[in-house]
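Morning, everyone. Let me put the structure on the screen, and then I'll walk through it.

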Amino acid sequence: MLKIDQLERTGLQSISFDVPSGACIGIRGQSGAGKSLLLRAIADLDPNTGRVSLNGKDRNDVAPNEWRRDVCYVPAESGWWLDHVGDHFENPDIAAGYLVRLGFADDAMAWRVDRLSTGERQRMALLRAMVQGPKVLLLDEPTSALDSEATAKVESLLHEMIGSGVTVILVTHDKAQAARMSSERYLIEKGALHLEGAA
Amino acid sequence: MAEYIALSYWDIAIAASLLCINAGLSIYYKLGTAKRLVIAATRMVVQLTLVGLVLKALFASVSPWLTLLVAVLMIGFAGREAISRQERSFVGFWGYGLGTTSMLLAAGTVTIFALGTQFHADPWYDPRYAIPILGMILGNTMTGVSLALDRLLSEADAGRMKIEARLALGHTFRSAMQVPIKNAMRAGLIPTVNGMAAAGLVSLPGMMTGQILAGVEPVQAVKYQLLVMFLIAGGTALGVFASTMLAMHRLSDGRQRLRLDRLNAVKN
């Protein structure tokens, strides 16, 4: 269970909610409402206050790099620090097994990053996070640059991850996607979080 | 020591006339450098003349407190100069304090080391040795520190997405910053490394030239130059290392976040 208790930071009001292990919640909201700010604060990438714990363990009792490995934030626009795709993966062989499912050629690990399109980068960044075995994925518009076919591929993989016990917080513009993926749906408005509905 | 040719003020005035030719060319071709050139040259004349007078008084007194005061002032000015050469700097005390602390540490350590081991000055703080050595080391350390900090802070800022991508994947701040740190240290050490590599072949270093002109035997002048180059290289490396490490520390916090909010906005 991911428990968020009175999380506060600039741009957000005090936010509290829980996500059971292996559940997916959807968060919608307009641009600038605070969706990314919330995910970044949960991953502890920006200064914030409040209690956040995973399976009863407070994040302040865990080294920050270990916390982020378990609670992994995947931004809509990904960062790449080396030339080749595969160099960004701890274990490119495991990742290679998912390439075709995500619509890539099976030699994509050897590609140069600057050859990737926006949508390809987005899927690669998700794969990069996924194969590290996080307990929680914080996904910021994971299909914003994808067509419906690629979106369906990503969603099918995510369903599988959730089924295997990974917790997902999914930020999306797409109301239909929120309905397909999540068991609880929230709306974020001017930095405040409201429960919108449950499946 | 052999005879040296004492310079009259007239000799110096003739040398300065070269600058007038430059200024004339700049005005004729509308290069806009004449004003800057004249201001810089005037500053140099005034500053060096004052320094000559201060040093004369200082050498006569051999007072530890006056020597310390002059050393502290020099380091203070170096800190201000270093920050003015950076595009980005930290807000608040650390903007000025970071470079200054590193230079104090590096130039101070190396100067005291040189005074104690090679010069055997008596007393060890004798300003006739302490101040010129500190000045030479400080001048080079300042260049190295400001280049390294400028590089580190601008790369951290421009590379935010890369750094945060690594942090989000569970890398430590240290490994996420690996590339900017390496580049910063390299940038800070390049002038020193180039200076050592080209010494003698391309350029005769200024200090050695000065000594030879003043009548010192060339092999002696070379020995002094080597000593000074090693002190400069040691001081610069120490300063670059200290400032990069301190800056990396300040760029992050207890939770290993990238704290770009601690930087000033880009100066024009």
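Predicted model: local features only at pLDDT ≥ 70, side-chain atom pairs only at ≥ 80, totals over all residues.

Start with chain A. It has six helices and 10 strands. The radius of gyration is 16 Å, close to the 16 Å that the globule rule gives for 199 residues, so chain A is as compact as a globular protein of that length. The box around its C-alpha atoms, along the principal axes, is roughly 45 × 35 × 30 Å. Of the 199 residues, 40% are buried. Now the contacts in chain A between residues at least 6 apart in sequence: 71% of these join residues at least 24 apart.

Next, the sheet. In what order do the six strands of the open sheet in chain A run? The order is β6-β7-β8-β3-β9-β10, and the pairing is mixed. Look at the edges. In chain A, β6 (71-74) and β10 (192-198) sit there with a single partner strand each, so one side of each has no neighbour in the sheet. From one strand to the next, the twist averages 20 degrees.

β6(A) pairs with β7(A), residues 136-140, in the parallel sense, over four bridges.

On to the interface. The contact takes 20 residues from chain A and 15 residues from chain B. Which elements of chain A each supply at least two residues to the side that touches chain B? They are α2 (64-70), β6 and α4 (118-130). The most comes from α2(A), with five residues. By type, the chain A side has nine nonpolar, four polar and seven charged residues.

Last, chain B. Helices or strands? Chain B has 10 helices and zero strands. Its C-alpha trace spans about 70 × 55 × 40 Å along the principal axes. Buried residues are 34% of its 268. Among its contacts between residues at least 6 apart in sequence, 75% join residues at least 24 apart.

That's the tour.

Definitions and conventions
Residues numbered from 1 in each chain as written. Chains lettered and ligands numbered in written order. Rg over C-alpha atoms; globule rule 2.2 N^0.38 Å. Buried ≥ 20, exposed ≤ 12 C-beta atoms within 10 Å, placed from the backbone. Contact = placed C-beta atoms within 7 Å. Pairing = 2+ DSSP bridges. Axes fitted to C-alpha atoms, helices over the stretch in contact; angles between N-to-C directions. Nonpolar A, V, L, I, M, F, W, Y, C, P; charged D, E, K, R; others polar.
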